[in-house]
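Please examine the model shown below. The questions that follow ask on what grounds its parts are described as they are.

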Amino acid sequence: MRKLIFLFFSLAFSVAWLQGQTVVITGKVVSASDKLPVPGVTVLEKNTQNGIITDMEGIYKLETEQGATIVFSYIGMKTLEENVNGRTRIDVELLDDNIKLDEVIVVGYSTSSKKLISGSVGAISESEIKNVPLRTIDGVLQGKTAGVSITQNSGTPGGQSTIKLRGGSSINAGNQPLIIIDGVPTITGSFGQIGYSGQEIDALSDLSPGDIESFTILKDASATAIYGARGSNGVILITTKKGSLQKTDVSLNTYYGWQSFPKERLPELMNAQQWNEYKGTNVQGIDTDWMKEILQVAPTTNTELSLSSGNDKTRMFLSGNFYNQVGTVRGTSFDRYSGRLNVDHKLLKNLSIGANFSMSYSKNNRVEGDQTLYGPLPNALSIPAIYPVYNEDGNYNEDGPYANPVAIFNETKNVAYTNRNIGNAFLEYKFLNNFTFTSKLGIDLYNLREHGYDPNTVRQGAKYNGLGIEGTTYVSNMVNSNVLQFIKSLKQNHNIEALAGYSFEKYARRNTYIEAINFPNENLQYITSAGTIRAASTFALDRGMNSYFGQLKYNYMYKYIFTLTGRADGSSKFGKNNRYGYFPAFSFAWRITEEKFMKKHTKINELKLRLSVGKTGNDAIGDFNSQGLYKGGFNYAGGAGIAPTQLPNPDLRWESTTQTGFGIDLALFDNRISINADVYYNKTRDLLLDRPLPSSTGFTSITTNIGNLENKGLELVLNTENIRGNFKWNTSINFSANRNKVLELYENQPIDDQGRGGNRVQEGEATGIFYGYRCLGVDPTTGNLVYDDINGDKAITADDRTKIGDPNPDFIAGITNNFSFKNIDLSVFLHSIYGNDVFNGTLIYLESGSGEDNQTTNMVNRWKKPGDITDYPKVGDTYKSSRFIENGSFLRIKNITLGYTLPKNTAKKIRLKSARFYISGQNLYTFTPYTGMDPEVNYYSVDNVVMGTDFFTYPQSRTFLFGINIGL
């Protein structure tokens with residue numbers, strides 16, 4: 001009955017409205033205090049649902065009756081009513097009401113004024129990234145906000161980075177944050193099947209930063225609980241650009257540059273003469289500089305073309321991008337082609353629809369890297385200079401201890417092709433003045449094809465008379481969310497926002513892999529030409545999640561702010577007895593500057609205290625950990641057979657993190673100084689670990705919830721407007737310190753000897769500490785290394801191992817200084833990590849004193865006779881010891897950009913809206929005590945335990961480029 005009554009009155013109202021005489025009104029809304037345009041103002045015909053919001057320029061256009069009353073409202077500003085009285089243009093100024101105009105940012109399933117947020121949230125706007133020529137999302141984010149740690153594991157083009165928010169919350173589950181683009185959870189990580197260790201393919205590299213309007217980083221439970229099961233590691237929300245209103249903008253951004261291997265970071269290796277003296281050989285006439293043979297000055301280029309347009313009903317953003325990066329190690333490169341179309345349309349006065357769609361294609365030429373005997377970089381470092389590149393007959397010389405690196409990058413094929421499509425369609429319906437219903441359907445499709453071929457002209461291929469590999473990976477993630485939102489202000493004092501929603505996700509993955517040998521010749525490189533199929537496999541996975549969530553926000557006079565959030569997630573990953581997880585959160589903020597007693601303190605523009613507590617989850621575990629598993633291949637008497645391989649655990653439950661945080665936001669001296677400070681304590685319970693089982697069960701372990709760990713830390717952000725006027729100078733500093741500790745493991749049993757650096761997990765220590773032998777130096781009598789006999793039994797055994805280092809940093813900082821004078825702008829960005837150790841595994845071989853690996857020139861000063869005082873032994877060993885632990889702290893000049901913008905009159909004469917020319921340098925210099933090629937490395941890619949280890953890892957390149965930004 002209620003629906004029929006509502007429909008009747010809606011139809012009657014519509015007929016009456018159609019019969020009235022209408023007029024089209026345009027105008028502009030500005031702030032009365034500073035005359036700046038106010039975007040997002042609701043312009044509504046009184047007592048109707050006929051309305052619109054102002055664009056980024058504060059402009060609106062509305063069709064209404066001639067005698068109507070128009071209501072202008074915006075949160076934090078006084079509502080204003082204007083009678084039309086036949087006017088066609090109405091410009092208005094809105095007065096501040098309790099809070100000043102502030103940045104509106106995207107948060108979970110809604111938007112909010114930054115000053116009304118009670119949780120810990122970081123925001124990066126388009127203005128902060130648009131002039132920085134970095135073309136990967138992780139590169140754009142690095143060092144830009146407190147609490148976000150981004151480590152570029154290597155300098156491989158298109159390679160993977162490690163992203164953590166407030167430390168790692170897990171040991172075996174994932175530690176990467178959830179990344180959401182326009183409401184669609186995004187596929188991230190490496191899906192390659194041809195292993196390249198720390199130089200894996202990164203699905204995130206397929207996304208173009210040029211399409212991004214803003215980032216929002218949700219860090220505490222109050223902010224992330226709305227995403228429940230995946231909120232423990234934080235959430236990064238990415239909002240892409242939308243079309244302009246009442247105008248058309250065309251932008252062209254392009255640059256070209258060169259990359260080089262930082263020569264000051266190259267290790268000093270023995271030349272042929274030094275090698276002959278070291279080994280007692282006498283090879284004459286050959287002195288190959290292997291590093292020179294594999295390195296190159298490599299070009300990089302990027303071109304972006306975009307169109308943004310719209311009117312009062314339809315907005316559109318269209319873009320295309322080409323990005324190319326050739327690696328400084330020969331044989332490596334990354335090419336990306338991408339395009340985007342975002343459209344939104346006002347179908348009715350209270351009904352809007354829209355769609356966002358992006359597609360990309362990338363090609364990644366790779367060579368094997370660390371952890372291999374067939375990589376150009378490790379082999380160039382390891383082969384002595386006495387071996388030539390070519391024999392006299394022109395064939396590759398393969399007499400050295402390892403495969404010829406020049407042959408590898410010239411002859412082998414290792415190419416990854418990626419096709420990526422991300423899209424969503426949405427509907428937004430407003431009704432009863434205060435309600436908004438939004439439904440969104442999104443999908444992320446990721447297709448990867450890998451092709452590898454080693455011909456018989458290289459050492460690896462010669463072993464098998466040609467080796468070919470083909471791998472395909474298909475991944476999809478489909479999500480549907482439905483959200484009902486209610487917003488109401490009562491007497492300008494009580495402000496209420498509430499939302500409730502339901503969402504579901506369906507994830508699918510398919511893999512095929514085939515490996516073959518015995519090829520007719522080097523020109524026939526696909527599997528169809530192979531004589532023998534050596535290995536073949538297929539894999540299929542489907543999983544799902546459904547969720548119910550809600551949030552209630554209330555503030556009194558924009559002074560006391562309360563937020564209550566809850567979410568229930570059901571996942572197919574967990575045991576049938578714990579299928580659902582429940583994640584509540586609460587936060588409170590007190591804007592002290594809105595109190596009457598603060599009005600006399602005019603130098604304080606903003607003072608807000610924040611408190612939050614909540615619970616979030618982590619579902620980034622294996623898909624079948626709770627299941628009893630069987631595997632084929634256990635054949636008997638010629639018949640196919642299967643056998644159990646894993647015990648079921650129906651009680652397996654979610655890892656959960658209880659997060660508590662306190663923060664303060666302070667702005668002083670007309671907002672010229674702003675400070676944001678946060679302290680937090682996060683405790684993760686029910687860690688998913690393997691519990692050992694008696695051998696009588698037929699199994700070695702079962703996955704169960706048996707561990708706890710904690711993260712606690714401090715975050716500071718300082719923004720200052722140092723100088724105003726024609727010459728401007730702004731500074732932004734962010735600082736974060738996190739302390740991680742393992743509180744409980746199964747019966748205090750450590751997870752020992754992980755990776756080449758001997759990483760370890762043990763109670764009372766940070767995750768991933770280096771655990772090994774403490775090296776005391778070289779015995780001047782014998783020339784042997786001396787180790788600390790910890791237990792005093794006069795023998796060096798495994799019991800003498802101890803903590804020898806920690807890859808977790810004491811703090812991370814980023815400093816950005818922006819200068820401008822008239823049409824000249826200069827940006828300087830420094831990035832620093834302090835207090836972390838790096839295990840320099842490369843030196844295990846390059847300073848071994850034995851074997852056939854080339855050596856660093858340090859070994860010229862090795863021990864040679866009794867009485868020699870030196871740090872370098874007669875013969876080294878492969879012990880994981882403190883000998884290879886180094887201070888990995890660094891301060892890096894990450895980016896310097898100098899730009900010049902043409903005066904508007906000059907640009908207009910050449911029919912341009914704007915034109916900016918710039919030069920830029922990236923990774924210009926690294927100040928560090930670390931002796932390896934790059935302190936910011938990890939050979940083992942994204943791993944929760946194996947961290948901070950350098951093992952012949954591809955370092956980051958130094959880049960110089962010039963570019964132009966044109967507005968048409």
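Q: Why are glutamate 595 and lysine 559 called buried?
A: In this predicted model, both glutamate 595 and lysine 559 are classed as buried. The term applies under 20% relative accessible area, so each of the two residues falls below that limit.

Q: What makes the contact of glutamate 595 and lysine 559 a salt bridge?
A: Their side chains meet at 3.6 Å, N to O. The cut-off is 4 Å between a side-chain nitrogen of Lys or Arg and a carboxyl oxygen of Asp or Glu, so the pair qualifies. Glutamate 595 belongs to the loop between strand S28 (580–591) and S29, and lysine 559 to the loop between S26 and strand S27 (560–571). The two residues are 36 residues apart and link distant parts of the chain.

Q: How do you know that arginine 543 and aspartate 623 form a salt bridge, and what does the pair tie together?
A: The N to O distance is 2.7 Å, and the limit is 4 Å, so the pair is counted as a salt bridge. Arginine 543 lies in strand S26 (residues 532–556), while aspartate 623 lies in the loop between strand S29 (604–618) and strand S30 (629–632), so parts that are 80 residues apart in sequence are tied together.

Q: What makes arginine 87 and glutamate 82 a salt bridge, and how exposed are they?
A: The closest N and O atoms of arginine 87 and glutamate 82 are 3.0 Å apart, within the 4 Å that the term requires. Arginine 87 has a relative accessible area of 33% and glutamate 82 has 21% relative accessibility, so each counts as partly exposed. The structure holds 42 salt bridges, and a network of them links Asp182, Asp211, Lys242 and Arg340.

Q: Why is serine 251 called partly exposed?
A: Serine 251, placed in strand S17, has 25% relative accessibility. Beyond its neighbours within four places in sequence, serine 251 is in contact with Glu304, Leu305, Ser306 and Ile966. Glutamine 659 is 408 residues from serine 251 in sequence and 43 Å from it in space, C-alpha to C-alpha.

Q: Why are S10 and S14 said to stand at the edges?
A: An open sheet of five strands, with mixed pairing, has the order S10-S15-S16-S13-S14. Strand S10 (121–125) and strand S14 (184–185) each have a single partner strand, so one side of each is left without a neighbour in the sheet. Strand S13 (residues 178–181) pairs with S14 in the antiparallel sense over two bridges, and isoleucine 180 has proline 185 in S14 as its bridge partner.

Q: Which residues touch the most other members of the largest nonpolar core?
A: They are Trp290, Met291, Ile294, Leu377 and Leu381, out of 34 residues in that core. Helix H5 (272–279), helix H6 (290–294), helix H7 (376–382) and helix H8 (405–411) each give two or more residues to this core. Another core, of 21 residues, lies apart from it and has Val140, Leu141, Val148 and Ile181 among its members.

Conventions: Residues numbered from 1 in each chain as written. Predicted model: local features only at pLDDT ≥ 70, side-chain atom pairs only at ≥ 80, totals over all residues. Heavy atoms only, no water. Pairing = 2+ DSSP bridges. Helix = DSSP H or I, 4+ residues; strand = E, 2+ residues; numbered from the N terminus. Core = buried A, V, L, I, M, F, W, Y, C linked by side-chain atoms within 4.5 Å. Buried < 20%, exposed > 50% of the residue type's maximum accessible area, 1.4 Å probe, protein only. Contact = heavy atoms within 4.5 Å.
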